[in-house]
Amino acid sequence: MSKIRLSTLKQYKAEGKKFVALTSYDASFAQISDEAGIEVLLVGDSLGNVIQGHDSTVPVTIDQMMYHVSAVARGNSSAMIMADMPYMTYTSETAALENATQLMQAGAHIVKLEGGAWLTPIIKRLTECGIPVCGHIGLLPQSVDKLGGYKVQGTDPLGADTLRQDALALQEAGVDLMVMECIPAHLASEITTELGIPTIGIGAGSGTDAQVMVLHDILGLKTRPTPKFVKNFLSEAGSIESAISAYAEAVRNSQFPAAEHCYN
Ligand code: KIV
């Protein structure tokens with residue numbers, strides 16, 4: 001398979017063709033997911049939860065992210081590797097540039113930052129320097145203590161409008177992709193239509209250009225409370241390889257997420 005690049009994903013959006021992202025933390029699962037045709041392997045700081053056993057992503061460090069990014073890069077051949085910038089590693093342009101550089105040198109193709117319009121100067125600096133950036137709006141797991149828990153965002157008119165404005169500001173600043181987490185399905189669809197860049201939803205309905213899920217969730221590992229948007233693809237598939245393929249196919253056919261996985 002030819003390498004997945006930003007131009008590939010932008011072309012998919014233009015053609016109305018859905019693509020698939022999945023978290024990946026090690027070489028073996030990266031290889032299996034890449035072979036299943038997953039376009040984007042997200043080395044998420046969710047590794048703080050599912051690998052390290054913390055109750056949030058806050059303790060994850062840049063060195064730990066680099067370790068997992070380099071493992072995923074060794075298992076991967078075609079997928080785009082997206083790396084989360086961990087907690088407090090992008091509070092200034094200088095810090096963001098230094099830390100994003102480390103993730104790119106470890107094997108990432110794009111870095112992801114959580115936050116709204118306040119990130120504009122930081123994103124401009126990264127993109128000026130040639131580092132591709134993915135925005136992340138809606139539920140921001142790194143801000144869980146400020147948000148008062150893992151809650152759906154943008155449910156009231158003011159919250160929805162702020163998310164719309166944030167999305168436009170981040171696109172204007174230069175982000176190439178946009179993750180939207182835990183927001184009402186109709187809002188995610190509207191933002192997807194308004195933006196020229198591809199959107200990737202998680203708990204954001206089926207109207208986004210792509211979906212992302214945490215690997216452990218689609219394999220039905222219930223080591224932490226399971227959100228409504230999660231589906232266990234392993235129970236019917238019978239093997240890990242088939243479960244990952246079933247997830248990818250369900251996203252491409254718009255069968256996942258179904259109404260029961262969405263917020264209104
Ligand atoms: O860290 C992660 O896995 C993520 C997804 C929830 C989008 O950021």
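View 1. Asp176 is buried, with a relative accessible area of 13%, where buried means under 20% relative accessible area, exposed over 50% and partly exposed in between, computed with a 1.4 Å probe on protein chains only. This is a predicted model, in which local features need pLDDT of at least 70 and side-chain atom pairs count only at pLDDT 80 or more, while totals for chains, interfaces and linings use all residues. Residues are numbered from 1 along each chain as its sequence is written, and side-chain values use heavy atoms, with hydrogens and water left out. The side chain of Asp176 meets that of Lys10 in a salt bridge at 3.3 Å, N to O, the term standing for a side-chain nitrogen of Lys or Arg within 4 Å of a carboxyl oxygen of Asp or Glu. Asp176 lies in the loop between helix H8 (157-173) and strand S6 (177-181) and Lys10 in helix H1 (residues 6-15), so the pair ties together parts that are 166 residues apart in sequence; helices (H or I, at least four residues) and strands (E, at least two) are DSSP runs numbered from the N terminus.

**View 2. Lys13 and Asp209.** The closest N and O atoms of this salt bridge between Lys13 and Asp209 are 2.8 Å apart. Lys13 is buried at 17% relative accessibility, and Asp209 is buried at 13%.

View 3. Arg164 and Asp161 form a salt bridge at 3.7 Å, N to O. Salt bridges that share partners join Asp161, Arg164, Glu190 and Glu194 into one network.
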